[in-house]
Amino acid sequence: GVKPTHCFFGPGDSNYMLYKWDNQVYCSEVDTAPPHVLPYTNDICDVSESMKANSTAFQFPLLDAIVSQGENGPMIEVPFDGTKYDLTTGQVVEWCPKSNPLRFILGSLKSNVSPISLKVYETMLNDDGSIYIKP
């Protein structure tokens, strides 16, 4: 199937992670190195050393995030540490759950750290497939 996450290079230094769920597109901020270092392929990027599209807990790549329906709307789950984010608000739904042996260790390392939200943006998906991101 088609992966529901993509990294997108916008104008200037604007770079975003896009998530598709239920015919809607959601967007969070991506930190990157200067644009000239980044690999471009039809405005969709490949993850590289120059890209930091990462979770806020352990900097695990969000490109592999699992998109699903949460209690209050769509959310993503970071496969590595299990942290879940609400895609409409960026708020942390669950911070480093201790749901398996590896996550128990990771959750213990972050037990005294306050959850850090993702910066998210409103989007609009047009009938022609173009996506508008409201800064």
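Predicted model: local features only at pLDDT ≥ 70, side-chain atom pairs only at ≥ 80, totals over all residues.
**Entry: the surface patch**

I checked how open Leu 109 is. Its relative accessible area is 59%, and the cut-off for exposed is over 50%, so Leu 109 counts as exposed. I then looked for nonpolar neighbours at the surface. Leu 109 forms a nonpolar patch there with Phe 104 and Ile 105. Together these three residues have about 330 Å² of accessible area.

**Entry: overall layout**

I listed the secondary structure next. The protein has 13 strands and 1 helix. Read along the sequence, the pattern is β-β-β-β-β-β-β-β-β-β-β-α-β-β. The protein has 135 residues, and 39% of them count as buried. Its accessible surface comes to about 8,000 Å², with 52% of that belonging to carbon and sulfur atoms. For contacts between residues at least 6 apart in sequence, I noted that 39% join residues at least 24 apart.

**Entry: salt bridges**

How many salt bridges does the structure hold? I found 2. As background, side chains of opposite charge can pair when their charged atoms come close.

I took Arg 103 and Glu 77 to begin with. They form a salt bridge in which the closest N and O atoms are 3.3 Å apart. This pair links distant parts of the chain, with Arg 103 in helix α1 and Glu 77 in strand β9 (residues 73-77), 26 residues apart. Arg 103 is buried, and Glu 77 is buried too.

I then took Lys 84 and Glu 94. In this salt bridge the closest N and O atoms are 3.4 Å apart. The pair again links distant parts of the chain: Lys 84 lies in strand β10 (residues 84-86) and Glu 94 in strand β11, 10 residues apart. Is Lys 84 buried or exposed? Its relative accessible area is 19%, and buried means under 20%, so Lys 84 is buried. Glu 94 has 33% relative accessibility and therefore counts as partly exposed.

**Entry: nonpolar cores**

I kept one general point in mind: in soluble globular proteins, nonpolar side chains tend to be buried together. I looked up the largest nonpolar core and found that it has 16 residues. Which of them touch the most other members? They are Tyr 19, Leu 62, Ile 76, Tyr 85, Leu 87, Trp 95 and Leu 118. I also found a second, separate core of 5 residues, which includes Tyr 16, Leu 18, Cys 27 and Tyr 121.

**Entry: backbone angles**

I went through phi last. Most residues other than glycine have a negative phi. I recorded two residues with positive values.

Gln 59 has a phi near 60 degrees, a positive value in a residue other than glycine. I located Gln 59 in the loop between β7 (51-52) and β8 (66-70). At 47% relative accessibility, Gln 59 falls between the cut-offs of 20% and 50%, so I list Gln 59 as partly exposed.

Cys 96 is not a glycine either, and its phi is positive at about 45 degrees. I located Cys 96 in the loop between β11 (92-94) and α1 (101-109). Is Cys 96 buried or exposed? Its relative accessibility is 5%, which means that Cys 96 counts as buried.

Conventions. Residues numbered from 1 in each chain as written. Heavy atoms only, no water. Helix = DSSP H or I, 4+ residues; strand = E, 2+ residues; numbered from the N terminus. Buried < 20%, exposed > 50% of the residue type's maximum accessible area, 1.4 Å probe, protein only. Contact = heavy atoms within 4.5 Å. Areas by Shrake-Rupley, 256 points an atom, 1.4 Å probe, with all protein chains shown as cover. Salt bridge = Lys/Arg side-chain N within 4 Å of Asp/Glu carboxyl O. Patch = residues over 30% accessible without salt bridge, like charges linked within 9 Å, V, L, I, M, F, W, Y side chains within 5 Å. Core = buried A, V, L, I, M, F, W, Y, C linked by side-chain atoms within 4.5 Å.
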